[in-house]
Amino acid sequence: MNEETIKATARALVSTGLSKLGYNYVNLDDCWSGGRFPNGTQYSDPKSFPSGIKNLADYVHSLGLKFGLYTDRGNKTCAGRPGALGFEEIDARTYAEWGVDYLKEDSCYATQDHQQAFQEYGRMRDALNSTGRPIFFSLCGWYSWYSPVGSNLGNSFRIGPDDTNWPGVISNVNIDVMLGQHAGPGGWNDPCLLLESNYLGQLAVTPTQSRTQLNMWAILAAPMLLSLNIRNLSKEALLTYSNKEVIAINQDSLGRQGFRVSGGDLNPSHSKSINILARHLEHGRVALLMVNAGTQTQKITCDRQCFQSFGFADAKVKVRDLWRHEDLSPVMNTMSATVAADGDSVMYLLTKA
């Protein structure tokens with residue numbers, strides 16, 4: 001990772017059209033810092049970022065994008081670079097002067113005592129707010145116990161560990177689906193990154209699973225942070241992440257996180273592991289998602305009890321398939337879909353006729 005790859009990534013966000021769809025943050029993770037000057041101010045790694053972070057942020061801004069940076073609430077970052085502990089105010093001022101728009105604060109080399117962790121995140125929150133610059137504050141604490149207090153501390157809050165593969169994605173969904181009451185405009189549960197491939201181009205999940213993860217993140221009102229090489233994006237991945245109808249569900253202005261209608265915790269090692277998830281949207285609409293995480297194809301049915309759970313029982317309902325991009329025949333009290341195994345899904349927009 002260096003300033004040239006970050007610039008190329010920013011250009012790719014624009015050239016692919018992803019920035020126009022809302023993917024407008026270019027976020028730099030760990031290993032950017034080279035250390036601290038005697039006065040405590042951080043400077044960038046001179047080998048990887050010789051022009052400095054402000055110049056890099058200025059370049060990203062010149063493309064109409066926003067710039068994100070990384071720190072840690074401990075005394076070191078996960079990779080051993082300088083942490084923020086005891087330097088919250090000077091770091092926040094520095095980030096604001098550099099033009100940072102988004103700050104992720106990790107939790108390596110930091111206490112896991114709940115109250116102390118909250119206090120440390122609160123210090124960075126206050127320091128960022130005191131700069132007068134709007135900076136999206138992303139807490140990366142890895143545990144669900146951040147969710148009940150998260151919106152008082154930051155704008156998003158990780159609720160589980162890193163999701164480096166499909167089982168990790170499913171694990172975080174099982175956690176997040178229970179935390180919807182704590183999320184809303186200004187403060188969102190964060191089940192981690194949208195996976196596709198790593199920087200070497202090796203797939204982390206299948207293309208079908210990428211699509212299903214996007215669907216689940218839309219239902220869960222989760223931050224959509226792409227973890228893939230934008231500079232070498234496959235046509236299939238671009239098609240997935242460019243689905244305007246699914247993105248619209250994620251960005252719905254009502255700001256209510258979705259919920260599990262039926263099915264228990266998903267388990268990709270079981271032959272039958274299905275969920276129906278729903279999310280209330282503005283104008284009285286509902287997004288409905290059927291997921292098959294198991295190893296065998298399943299017929300998934302939303303029956304009258306299912307429709308009743310989101311207030312559509314005994315009503316004629318118009319159905320829009322968000323991946324086929326077509327309207328289906330209206331339904332009442334029941335609808336079914338045959339969903340393939342190993343992480344496939346179907347997603348619908350429902351509107352009372």
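A: Helix α1 (residues 3–15) and helix α2 (residues 53–62) pack against each other at an angle of about 15 degrees in this predicted model. Angles under 35 degrees count as roughly parallel, so α1 and α2 are roughly parallel to each other. Their axes lie 10 Å apart, and their crossing is right-handed. If you want to find where they touch, look on the α1 side for Glu3, Ile6, Lys7, Ala10 and Arg11, which meet Leu56, Tyr59 and Val60 of α2.

Now for the strands. Strand β12 (residues 274–280) is a handy place to start, because buried means under 20% relative accessible area and five of its seven residues are buried. It pairs with strand β11 (residues 259–262) in the antiparallel sense, over three bridges. One spot to look at there is Arg260, whose bridge partner in β12 is Leu277.

β12 also pairs with strand β13 (residues 286–292), again antiparallel, this time over seven bridges. Here Ala278 has Leu288 in β13 as its bridge partner. β12 and β13 form a hairpin with five residues between the strands, and in that hairpin His283 takes a positive phi near 65 degrees.

Another pair worth a look is strand β14 (residues 298–302) and strand β17 (residues 335–339), which run antiparallel and are joined by five bridges. Gln298 has Val339 in β17 as its bridge partner. β17 has two faces: Met335, Ala337 and Val339 make up the covered one, while Ser336 and Thr338 make up the uncovered one.

The largest one has 71 residues, and the members touching the most others are Leu28, Trp32, Phe67, Leu69, Met216 and Met347. Helix α4 (residues 114–131) gives the most to this core, with six residues. Apart from it lies another core, of 21 residues, including Ala278, Met290, Val319 and Ala337. You've met two of these names already: Ala278 is the bridge partner of Leu288, and Ala337 is on the covered face of β17.

As a general point, nonpolar side chains in soluble globular proteins tend to be buried together.

Technical notes
Residues are numbered from 1 along each chain as its sequence is written. This is a predicted model: local features need pLDDT of at least 70, side-chain atom pairs count only at pLDDT 80 or more; totals for chains, interfaces and linings use all residues. Side-chain values use heavy atoms; hydrogens and water are left out. A nonpolar core is a set of buried Ala, Val, Leu, Ile, Met, Phe, Trp, Tyr and Cys residues joined through side-chain atoms within 4.5 Å. Buried means under 20% relative accessible area, exposed over 50%, partly exposed in between (1.4 Å probe, protein chains only). Helices (H or I, at least four residues) and strands (E, at least two) are DSSP runs, numbered from the N terminus. Two strands pair if DSSP finds at least two bridges between them. Axes are lines fitted to C-alpha atoms, for helices over the stretch in contact, and angles run from 0 to 180 degrees between N-to-C directions. Angles under 35 degrees count as roughly parallel, over 145 as roughly antiparallel, 65 to 115 as roughly perpendicular and the rest as oblique. A crossing is left-handed if the near helix is turned anticlockwise from the far one by less than a right angle, and right-handed if clockwise. Contact means heavy atoms within 4.5 Å.
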